[in-house]
Amino acid sequence: MDLQFTPEEQAFRSEVRAFLKDHLPPALAAKVRAGQRLTRADQEGWHAILNKKGWLAYHWPKEHGGAGWTPIQKFIFDDECALAGGPRLVPFGLSMLGPVLIKYGNEAQKKHWLPRILNGDDWWCQGYSEPGAGSDLASLKTSAVRQGDHYIVNGQKTWTTQGQHANMMFCLVRTDRAAKAQSGISFVLIDMKQPGVEVRPIRTLDGDAEVNEVFLTDVKVPLENLVGEENKGWTYAKYLLTYERTGIAGVGFSMAALEKLKLIASRVQKNGKPLAQDPQFATRMAQVEIDLNNMAMTNLRVLAAVQGGGVPGAESSMLKIRGTVIRQELLSLIRRAMGPYALPYIEEAQFAEYAEPPVGPKEAATAAAAYFNYRKLSIFGGSNEIQRNIISKMILGL
Amino acid sequence: MNFELDADRRMLADALGRYLSEQYSAEYRNQTAYGSTGHSAETYAKLAEIGAIGALFPEAVGGFGGEGVDIGVVFETLGHHLVAEPLLGALLVGRAITEAGSAAQRERLEGIVAGETLCALAHDEPDNHYELNRVATTASKSGDGWVLNGAKAVVLFGDQAQLLLVSARTAGAVGDEAGISLFLVPGDAAGITARGYGRIDGGHAAELVLTDVRVGADALLGMEGAGHALLERIVGFGLLALSAESLGAMERAKGDTLEYLRTRKQFGVPIGSFQALQHRMADMLLEVEQARSAVINAAAAIDDDDRVAREKALSAAKYSVGKIGTLIAEEAIQMHGGIGVTWELPLAHYAKRLVMIDHQLGDMDHHLARWMALGA
Ligand SMILES: Cc1cc2nc3c(=O)[nH]c(=O)nc-3n(C[C@H](O)[C@H](O)[C@H](O)COP(=O)(O)OP(=O)(O)OC[C@H]3O[C@@H](n4cnc5c(N)ncnc54)[C@H](O)[C@@H]3O)c2cc1C
């Protein structure tokens, strides 16, 4: 057994660290650390910086503009980025559509869309879920009917993250209504700027509006925007969900949250001493740190197993459950550390531009909102219940 | 033994519940609770008229209740309807006056019971973490009155309260129990600046800064320097009220979730047919029943002369609802799936309130430690 990173991996880590030090804008890192809301420009700016370095699509093969890294390298990169306060990369084009096009798209589609993803010409969103099709995604109803050289699409998508920014949506539609659930679905690319597409924001409980409903009424989709074969969309959709799961545990984000928690607990006072010395709070912090270390090691074990190629299977469900629960616990502790200052909620203070002095500790402005917002972690991307179903079927054979 | 409410209390609960069901819709609640003042003057007046405030006080001071059960019934009903009105302030300040007020001070109770005087307890400070003894605000003698200086944190409706109950140090060092005194201060007294804001769970609060705030000798409530015991006593009423409110909110969150499990279909069946959710729903029920028992314990103990027994029951209740309320909030959201994190769903606001109750008057860690420290 050798639990050390190889010298090459350590050198790679130093290289990433140095790059982040020089190129991650401090104002952006400060926003991320403070849990403030990011603008579209923030995201685009960071993507452009990484693209220039050739590190944006780091999970694509080299021939398509990827970095050609090993799973461990990707892990190191994610880890360092999160610790440095780098924002999460918007995954829709990069981690979801990109790999699908690379594997199943035709030459014209690859040539057209992949460079545009890298350059940030398109902002993609994911049109999978519908009001009646959540965990049971295969029951989706949005229909696409062939008419000459295009489809006519009708239906409603929901929970479309950042759909308000998007000009393109990759979408699952039903092309064969007679076929059984999974077999009549196709994967199409829809231009959001054309008539018949209406995006309505959904406000979340913390006051944010990052998700949307998308109404599709007689939307024309040229046949050239069909990815792969008609009625085979479920295969591509599944591939998309399982392809890139190295980052699913969110180890880096949790490590960064743990650091933040420790800093806060060293400052906030309880009974005349730092909260970090309160026996109960200290116990909770210790427990979550141990859980996190165990999960980080589990993550590395999974990655080492796939280092030689292939993708993690049902193990990623394990990482998703643990990773989200730990991250939610960390956010919960940060909220709790605020004491009564978890109550105030000033909408403007969610943004970096807020110039007033903070109410309470400066972290209090976003602590409770972040806790509530991130309840989503255990719901989206296949809820934790669905992940448990996968584990019991695929790993346990029950 | 009999756990049924008696006829008078049943009537009050029914009247209150009926009014809130009819007039206090989720939409109206959110409009007012997240609106510019965080509450509705109209609703507050109506609650007073129905008797919800009077029920919190004994007959001797113009109320018609004041026992633990009364407080429990009122706040459970408020919790059930997610009421964001300033009744907690009325309870805390009104009970302080009831317990320790002079005849002249007791005259203020009429306006409180009538819902005309908005009240707030101004105790927490930027550097305390739920501790009752950590008072840095000072009150020094000046002529036959007092001058107050300091800062108060997250004072519920502190930007609108007409009557503030302010804890201040008249002797001793920050952290001492002895030397704390309580003062009744008009909300608009010269020298008070309030920075008001909305709360994440609805309603308002404020940061107060007191700069040379002058009050008369008659502002002192109870004995000089002996405010800690009085503070503990009235916070005890608050613990009971918040615990009962939490219980009411949990019941509702539980009910809504159960209903959702029965109606939401995925994979062609109601999601309630999945055992993974059935067992968790069963646990929710079981936990809520434990919370109910904790609240009953606390309501029975509120007037117990044995301080240790009383305070342990109160801390036990607040610890229990802190823990259970958070669990119910998180489970209810999770079992609703995506819809559970939306503003549109009433349950989401219940969840926020349930979690935020743990941030008022001491969280579960605070009350567990206190329970242990109180000894046998
Ligand atoms: C903030 C946010 C962002 C999102 N972004 C996107 C996006 O960009 N694009 C997109 O397409 N979708 C997106 N989603 C949708 C997300 O994928 C769904 O919410 C998720 O799949 C759950 O579906 P549902 O909300 O319909 O819940 P339901 O499927 O109705 O589930 C309700 C509850 O039942 C449980 N449950 C369901 N089936 C079973 C079962 N068989 N066994 C045990 N328990 C079960 C669930 O775990 C959950 O607890 C987003 C969701 C959220 C909350």
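In what sense do β5(B) and strand β8 of chain B pair, and over how many bridges? β5(B) and strand β8 (residues 220-221) of chain B pair in the antiparallel sense over 2 bridges. Two strands count as paired if DSSP finds at least two bridges between them.

This is a predicted model: local features need pLDDT of at least 70, side-chain atom pairs count only at pLDDT 80 or more, and totals for chains, interfaces and linings use all residues. Residues are numbered from 1 along each chain as its sequence is written, chains are lettered from A and ligands numbered from 1 in the order in which they are written, and side-chain values use heavy atoms, with hydrogens and water left out.

**Chain B as a whole**

Chain B holds 12 helices and 10 strands. Both are DSSP runs, numbered from the N terminus: helices are H or I with at least four residues, strands are E with at least two. The radius of gyration of chain B is 21 Å, close to the 21 Å of the globule rule for 376 residues, so the chain is as compact as a globular protein of that length. That radius is taken over C-alpha atoms, and the rule is 2.2 Å times the number of residues to the power 0.38. Along the principal axes, the C-alpha atoms fill a box of roughly 80 × 45 × 40 Å.

Of the 376 residues in chain B, 60% are buried. Buried means under 20% relative accessible area, with a 1.4 Å probe and protein chains only. Contact means heavy atoms within 4.5 Å. Among contacts in chain B between residues at least 6 apart in sequence, 74% join residues at least 24 apart.

**Around strand β5**

Strand β5 (residues 180-186) of chain B is mostly covered, with 6 of its 7 residues buried. Strand β4 (residues 163-169) of chain B also pairs with β5(B), in the antiparallel sense over 7 bridges. The table gives one bridge from each pairing.

| Residue | Bridge partner | Strand of the partner |
|---|---|---|
| L164(B) | V185(B) | β5(B) |
| L182(B) | L221(B) | β8(B) |

**A residue in helix α5**

A90(B) sits in helix α5 (residues 87-100) of chain B. Is A90(B) buried or exposed? A90(B) is buried, at a relative accessible area of 1%. Leaving aside neighbours within four places in sequence, A90(B) is in contact with Y44(B), I53(B), F57(B), R95(B), I112(B) and C119(B). G54(B) lies 36 residues from A90(B) along the chain, and their C-alpha atoms are separated by 9.9 Å.

Key. Buried means under 20% relative accessible area, exposed over 50%, partly exposed in between (1.4 Å probe, protein chains only).
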